[in-house]
Structures are given as structure tokens and as C-alpha cells.
Amino acid sequence: MVARNFIRHVVFFSAKDKADVPRVVAGLSMLADIPHARTFEVSQNSHVDALSDDVDVVVYAEFDDDAALKAYKAHQIYQDAIKIVRPLRELRIAADF
């Protein structure tokens, strides 16, 4: 096991309608304006792996600690992004490590 001094937060999304993927990316990209992440990326899945068709968009972020991750999720921009993305998404899988 690798010892880290930060938390990695990875979230996978799929869109109900593939035509909405750009809107999902745009909504999730709003999260970059939240100041609590040390690193933040939103990317559309390149589908290079033939077995990754279920995932359309990936969010990757790094946080200094649990408090920073909690503050990120409590931020108003996070709530605003949820209002945009939730109706458009089918799948959401998150992992923190």
C-alpha cells in the first residue's frame, strides 16, 4: 500500500443521452472554480479501452484532507453543478482513496 498525504477523488459518469455528454462536461467543469482541490480535472472518456463504453466523463481531483473534500462538497458551486448534471446522468460511481 502506498502512503499518501492527500485524498484522490475519482468520479465516473455516464449520460442518459449521449448527445448530452457536452452538457455533463460543462456542468462538471464548474467544479474547477471551487478552491478546496489541489488538483482538478474533468475529461470526456476517450473510449480507447473497448470495455469502457459505460463511462462518458471522468472527474479527477486531489484534496489535502477529509476536511477539504467535505468543504468542496458543501460549496454552493457543487450544489449548482448537481442541479445541472443529475438530470442528465445515468451512472455515477465515486471512489476516494
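**Figure 1. Thr39 meets its bridge partner, Glu62, in strand S3.** Welcome to a predicted model, in which local features need pLDDT of at least 70 and side-chain atom pairs count only at pLDDT 80 or more, while totals for chains, interfaces and linings use all residues. Residues are numbered from 1 along each chain as its sequence is written, and side-chain values use heavy atoms, leaving out hydrogens and water. Strand S2 (residues 39-44) pairs with S3 through 6 bridges, and the sense is antiparallel. Strands are DSSP runs of E with at least two residues, helices are runs of H or I with at least four, and both are numbered from the N terminus. To pair, two strands need at least two DSSP bridges between them.

**Figure 2. Strand S1 (residues 7-15) also joins S3.** Look for 7 bridges here, linking strands that run antiparallel. Is S3 mostly buried or exposed? Of its 7 residues (57-63), 5 are buried (under 20% relative accessible area, with a 1.4 Å probe and protein chains only), so S3 is largely enclosed by the rest of the structure.

**Figure 3. Asn45 sits in the loop between S2 and S3.** Asn45 is buried, at 17% relative accessible area. Which residues does Asn45 touch, not counting those up to four places away in sequence? They are Ser52, Val55, Asp56 and Val57, where a contact means heavy atoms within 4.5 Å. The Asn45 side chain also reaches the backbone nitrogen of His47, at 3.0 Å.

**Figure 4. Ser46 is in the loop between S2 and S3.** Ser46 is exposed (over 50%), with a relative accessibility of 56%. Now find Val57, which is 11 residues from Ser46 along the chain. The C-alpha atoms of Ser46 and Val57 are 9.0 Å apart.

**Figure 5. The largest pocket has a lining of 14 residues.** A pocket is an open set of points on a 1 Å grid over the protein atoms alone, where a 1.4 Å probe fits and protein lies on both sides within 12 Å along at least five of seven lines; lining residues have an atom within 4 Å of a point. Nearest the centre of the largest pocket are Phe13, Leu28, Tyr78, Ile82 and Arg92. S1, helix H3 (76-85) and strand S4 (89-96) each give two or more residues to this lining. The biggest share comes from H3, with 4 residues.

Methods: A polar contact is a pair of N or O atoms within 3.5 Å; within protein, one must be able to donate a hydrogen and the other to accept it, and residues adjacent in sequence count only if both atoms are side-chain atoms.
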